[in-house]
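Please keep the structure open beside them as you read.

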Amino acid sequence: MGEAKDDEELLLEAQVFGALGADSSQKLDSLARDITERNSSTYRSEEPSTDSDSLLFVIDKKKMPSFRETAGVTTKVDNNENQTGVWHDEDDEEVVVNIQAQKRLKKLRKSLDEDDLDGSDLTNRLRSKHIEMNKSRTKWADKIRNQIKKGERKNNLKRPRDGESSDSESDLFRSSEAFVKPSRRSFGGALRLASGRLEVSRLTDANRHGKSNSVVQSIDWHRNAMLFLTAGLDKTLRLFQIDGKENSKVHSAHFADMPIHEARFAGETDNEIICVGRRKFMYWVDLETNHVGRIPYLVGRDEKSLETMTVSPDGTRIGIGGNDGNVLLMSQKTKQLTGSLKMNGTCRCLAFSNDSNKLYSSGGSGYVYIWDLRMNRCLHRHSDEGSTGTRTIALSSDNARYATGSDAGVVNIYDAESTLGKKHPSPIKSVLNLTTPIDEVSFNHDGQLLAMISRRKKDSMKLVNCNTLNVVPNWPTSGTPLRYTQCAAFSPNSGMLAIGNDSGKCLLYRILHYEAA
């Protein structure tokens, strides 16, 4: 025999399976009223309802504590610098870490013989190290905190009362000028690079999946895509798709009879790569068809080496340093010579202006030549101050400045407009931080940074802030694994800097000042 069913079970059964009999609906209503009256003493609400849902739900009208009250958070600014964390894990005190065993943790030592730390001490050391390394990023917060303490600034962290708006909200919605008007700190459409520290972080090596078997002699970025090339004395050209993490290898080409000294993207859409070396011939690679072409010699010329080569920014012209100070001009489409220019001494370096209408050249004589390619004539010639021989030259993207590197380790930065008409102009800045011959100088896309390297001495690379004309003080450091740098190149938007060295690696760094790569 089963147990007798109570009223609530009978009511539920009638609602689910239906009630039988003529008076079933009346019995159902009577049963529901009995249950409601019996439970009314237990379940009460401020607003009683006759709805059947009142049997299942209770409406609580009491005021609930806010999150800030529950968590114990107050809006008052605490002047105590030694604030404790909200969360404390007791198990941290039982953990013991040997900081001598891992190289990355040795920097946390306060003495050379210190080895074991418990979890709490390790957390405090890591927090202090993080604050020390990121002072420049949090400088704005420290400034505001000091102003609040001195009473020079309102504490906008206080929550406004109901119906009120904070000062920060009213300032935010008062005008949209800050969103549509360019910042006064802008520099050629980009944020102006501030003086002092430059925030740099290391990424995965650009040629991680295709390390060179010799020094990385030449590197270059595709101007419309994150495509990157490396070339060197191992006679191999390699292409990589750069994303900062995987940097997958896309393609490679081996030239059995030519160690590569210079490789550059060419063509109106950078659809070709020109490769040259200490040979009278050169190679070109079509990126669309993967076809490799060979130019056996330059018609009418007897040059034995074509290693001094550069490509115009529009990709249609190729400049080559020839014998006896001759500057050879070649068409990218036809691969034929279109003209030549003659300078005194030897031609060691070439650089096109951003509009590809001017060409700057220099060499063993220590003079800088400025050529007008529309008329194939020399516009101006001046001496490179303090130079017995100029090894490299580079122009900024706005053609306002150019830099030269000499055998004496001096980098001169000139103002392009003020040098015209002067035979012996003075540079606006002479950088003397490197002591061995300068092998390469390179501006970034907006002309705010200048990279200069020397291959003769280990870790010989510096960055110059062109706004202040001072060398960046905090990078590279003594711990940066540059080795013997061979070449350097900024990405199209200067968000990345690639550096090739003698070990066959191409280091990749993220410049955090620039948002896009």
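**Notes on the model**

1. Let me start with Ser503. Setting aside neighbours within four places in sequence, Ser503 is in contact with Lys211, Ser212, Ser214 and Arg483. You will find Ser503 in the loop between β31 (496-501) and β32 (506-511). Its relative accessibility is 23%, so Ser503 counts as partly exposed. Also have a look at Val216: 287 residues separate Ser503 and Val216 in sequence, and their C-alpha atoms are 7.8 Å apart in space. Please bear in mind throughout that this is a predicted model.

2. Now for some context on the chain. The secondary structure comes to 8 helices and 32 strands. The chain has 517 residues, and buried residues make up 41% of them. Among contacts with a separation of 6 or more, 47% are between residues 24 or more positions apart. The accessible surface of the chain is about 30,500 Å², and carbon and sulfur atoms account for 48% of that surface.

3. Is Thr230 buried or exposed? Thr230 counts as buried, because its relative accessibility is 0%, and under 20% is the cut-off for that word. Thr230 belongs to strand β7 (residues 227-232). Leaving out neighbours within four places in sequence, its contacts are Ser212, Val216, Ser218, Ile219, Thr236, Leu237, Arg238, Phe240 and Cys506. For Gly210, which is 20 residues from Thr230 along the chain, the C-alpha to C-alpha separation is 9.3 Å.

4. The structure holds 16 salt bridges. One of them links the side chains of Asp234 and Arg238, with N to O at 3.0 Å. What does the accessibility of the two partners look like? Asp234 is buried, at a relative accessible area of 12%, and Arg238 is buried too, at 7%.

5. Which parts of the chain does the salt bridge between Asp407 and Arg348 tie together? The closest N and O atoms of Asp407 and Arg348 are 3.1 Å apart. Asp407 sits in the loop between β23 (401-406) and β24 (411-415), and Arg348 in strand β18 (residues 347-352), so the pair ties together parts that are 59 residues apart in sequence. Asp407 is partly exposed, with a relative accessible area of 25%, and Arg348 is partly exposed as well, at 34%. The pair also belongs to a network: salt bridges that share partners join Arg348, Arg391, Asp407 and Asp439.

6. Turning to surface charge, which residues form a negative patch? Glu90, Asp91, Glu93 and Glu94 do. Of these, Glu93 is found in the loop between α3 (67-71) and β1 (96-98), and at 48% relative accessibility Glu93 counts as partly exposed.

7. A few backbone features deserve a look when you step through the loops. Trp475 and Pro476 are joined by a cis peptide bond, with omega at about -5°. Pro476 lies in the loop between β29 (470-471) and β30 (485-490).

8. Two aspartates have a positive phi, a value noted here in residues other than glycine. For Asp324, phi is near 55°; this residue is in the loop between β15 (317-321) and β16 (326-331). Asp324 is exposed, with a relative accessible area of 60%. For Asp459, phi is near 60°, and its place is the loop between β27 (449-453) and β28 (461-465). Asp459 is partly exposed, with a relative accessible area of 33%.

Definitions and conventions
Residues are numbered from 1 along each chain as its sequence is written. This is a predicted model: local features need pLDDT of at least 70, side-chain atom pairs count only at pLDDT 80 or more; totals for chains, interfaces and linings use all residues. Side-chain values use heavy atoms; hydrogens and water are left out. A salt bridge is a side-chain nitrogen of Lys or Arg within 4 Å of a carboxyl oxygen of Asp or Glu. Buried means under 20% relative accessible area, exposed over 50%, partly exposed in between (1.4 Å probe, protein chains only). Helices (H or I, at least four residues) and strands (E, at least two) are DSSP runs, numbered from the N terminus. Contact means heavy atoms within 4.5 Å. Accessible areas come from the Shrake-Rupley method with a 1.4 Å probe; for residues, only the protein chains shown count as cover. Patches are made of residues with over 30% relative accessible area and no salt bridge: like charges are joined within 9 Å, nonpolar side chains (Val, Leu, Ile, Met, Phe, Trp, Tyr) within 5 Å. Lys and Arg count as positive and Asp and Glu as negative; His and the chain ends are not counted. The place of a charge is taken as NZ of Lys, CZ of Arg, CG of Asp or CD of Glu.
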